[in-house]
Every structure is written in C-alpha cells, then in structure tokens.
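Dear colleague,

I am handing over the structure below, together with my notes on it. Please read the two side by side.

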Amino acid sequence: MRLGCHVSISGSIDKAIDNAVKRKCSAFQIFTRNPRGWNAKQLTDSDISNFKSKLESSEIDRYATCAHMPYLPNLATPKDDGFEKSLKTLIDETERCAQLGIPYLVTHLGSHLGTGEKEGVKRLVNALNKAGKIKNDVMILLENTAGQKNSVGYSFEQLGEIFNQLKPSKKFGVCFDTCHAFVSGYDLRSKDKVKKVFDEFDKFVGIENLKILHLNDAKGEIGCNLDRHYHLGLGGIGAEGIGAVVKYANKKKIPIILETPIDDDRDDFENIRIAKEFA
Ligand code: ZN
Ligand code: MN
Ligand code: MN
C-alpha cells in the first residue's frame, strides 16, 4: 500500500519529505510553490538537490509522489490572456516537477465561464496538447471535478472524451478524487456501488490511466456539487464506501493521497491512521 497526504513545503521544498515521514506517509502530494499566486520563484540548485536527496534517503517511492497545479490557472477559459497565462503555468509546473523528479502533475480542468462545455473542452484539449509537446517525463493527470457551475470534466464520459483527444498518450493520465466524484453524483456509499462506479470509470477513461487517487470524504451530500472535503468516514460517503475505495486502490496498486481538512475533530496524522485501518 502507498498512502499519504498533501504536505506543506513551508520553509523550503525539502521540508515536504520531513512532513511526509512524520505522518508515516508512503505517498505524498505538494504544491511546488505558493498555490495562490501567478508567479513562482525559480527552484535553485540547492532546492532541487536537497529535495531529491531527502526523497532518495526516505523510504518513499518517487512514483508515489505528485504535485498539484496552483489554483489560479483556468485551462478552459475563453479569455486569451488568461489562457496564455494558464498554459504557461502548466508548462512551468511540468518543468518544475521534472527538476524535482516528481513524475505526476495533477491539474483541474477549468471553467468555460458560461461559453458552454463544447467550447471549454476545445480550449482545454488545445492547452493540454500544447503542454504535451514539452519534452520531459512528467505525466499530466486530469482530475475529475466536483461539477461546480461552468466546470468541465465532472462526468467520466466527458473526462474520457477529453482524454481520448490528448497526444502523446504517455504524457497524460487521470487522478480520481472521491469527494469530487460523489458530489457530482457518483454513489460511493457501499462496496457494490464503489465497484459499479469504478467499472463505469474504466469503461469511459480506462482504469490503467488512473495514476493517483485523492481520498477525501465529502462535507456535502451526493450530487450537491460542493467541493468541500471532509474527514474519512465522517462525511456523505461514510466509512463503508471509503473503506471499499481504499481496498480497491490497493488492489490496483494506485497511490492514495488524502486532502482532508485539519480542524478540532481531526488532523492528517489521524486521517492517515484511519485510512490504514480501512485497508
Ligand atoms: Zn485538485
Ligand atoms: Mn483532489
Ligand atoms: Mn476539491
């Protein structure tokens, strides 16, 4: 089993590995820089070598690590300047991952801002195919969305439609977020339902393309389109469903990353411990 959580890089980027080890993670996700801004300071040689050597001396497999795109880019936007900036960020982030030896970059699929799904998908596919031309070994993972207003890529059918237009295929994969799937209408509340959902995912997207699983319970109910993550077993999905997802991902050897909240009820340490119990 490879399982961990999103960890902070606060202080310096190699601190991510310390944070992961402290939480007994065998997988982790980072932002390579402040996720709330457009600009990123270049990684220095010492940032890169410290990160790589720390990761190497840990027991964490490089292929169980990923980075997540910052929040501001929108790859489906109809605005030209926003599109160019978003594409540049996507390309920059794949380069930063390549420097750090991180194999996967998770990206959201964006919002068409009212221009319609067809147009949004067209721009998104255009952006992804441009980024796919960059020569590095980083795979871009498309994350299913929560189905918020104007969002692209909440149904497996549409995710598959997008995925099948991407070239070269070895540059692209998928990240499945359990909270997003549930709030966009996929029932994950029992073992049988989990199997049904992953069968449908396999049919449209292909389970072999699933490289990272984001394991989050949902604050809201099924189909509410509310992107609010919650503690494992305590949200709308519940313990049976979350447990079944953990077992499924382990069987398929897919690294599991938690993006659960930290509050008075629970922290990362506790959610990770509980995820291991479910396994
Ligand atoms: Zn995400
Ligand atoms: Mn996620
Ligand atoms: Mn989310």
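What follows are notes on the metal sites, the charged surface patches and some backbone features.

This is a predicted model, in which local features need pLDDT of at least 70 and side-chain atom pairs count only at pLDDT 80 or more, while totals for chains, interfaces and linings use all residues. Residues are numbered from 1 along each chain as its sequence is written, chains are lettered from A and ligands numbered from 1 in the order in which they are written, and side-chain values use heavy atoms, with hydrogens and water left out.

I begin with the metals. The zinc ion (ligand 1) is coordinated by His68 (NE2), His108 (NE2) and Glu143 (OE) at 2.1 to 2.2 Å, where donors are N, O and S atoms within 2.8 Å of the metal (3.2 Å for Na, K and Ca), and sites may look incomplete because water is not among the atoms. Along the chain, the donors of this zinc ion follow the spacing H-x39-H-x34-E. Distant parts of the chain are linked by the pair His68, in strand β3 (residues 65-68), and His108, in the loop between β4 (104-107) and α4 (117-132), 40 residues apart; helices (H or I, at least four residues) and strands (E, at least two) are DSSP runs, numbered from the N terminus. His68 counts as buried at 5% relative accessibility, whereas His108 is partly exposed at 34%, given that buried means under 20% relative accessible area, exposed over 50%, and partly exposed in between (1.4 Å probe, protein chains only). Glu143 bridges the zinc ion (ligand 1) and the manganese ion (ligand 2), which lie 3.3 Å apart.

His180 lies in helix α6 (residues 178-183) and Asp227 in the loop between β8 (217-218) and β9 (229-230), so the pair ties together parts that are 47 residues apart in sequence. His180 is buried, with a relative accessible area of 4%, while Asp227 is partly exposed at 33%. The manganese ion (ligand 3) and the zinc ion (ligand 1) are separated by 5.1 Å.

On the surface, Glu117, Glu157, Glu161 and Glu200 gather in a patch of negative charge; such patches are made of residues with over 30% relative accessible area and no salt bridge, like charges being joined within 9 Å, and a salt bridge is a side-chain nitrogen of Lys or Arg within 4 Å of a carboxyl oxygen of Asp or Glu. Of these residues, Glu200 lies in helix α7 (residues 191-204) and is partly exposed, with a relative accessible area of 33%. A patch of positive charge is formed by Lys191, Lys247, Lys251 and Lys252, and Lys251, in helix α8 (residues 238-251), is exposed at 63%.

Finally, the backbone. A cis peptide bond, with omega about -10 degrees, joins Lys167 and Pro168, the latter lying in the loop between α5 (156-163) and β6 (172-177). Leu113, in the loop between β4 and α4, has a positive phi of about 55 degrees although it is not a glycine, and is partly exposed at 43%. Asn150, which is not a glycine either, has a positive phi of about 70 degrees and is found in the loop between β5 (139-143) and α5.

Technical notes: Patches are made of residues with over 30% relative accessible area and no salt bridge: like charges are joined within 9 Å, nonpolar side chains (Val, Leu, Ile, Met, Phe, Trp, Tyr) within 5 Å. Accessible areas come from the Shrake-Rupley method with a 1.4 Å probe; for residues, only the protein chains shown count as cover. Lys and Arg count as positive and Asp and Glu as negative; His and the chain ends are not counted. The place of a charge is taken as NZ of Lys, CZ of Arg, CG of Asp or CD of Glu.
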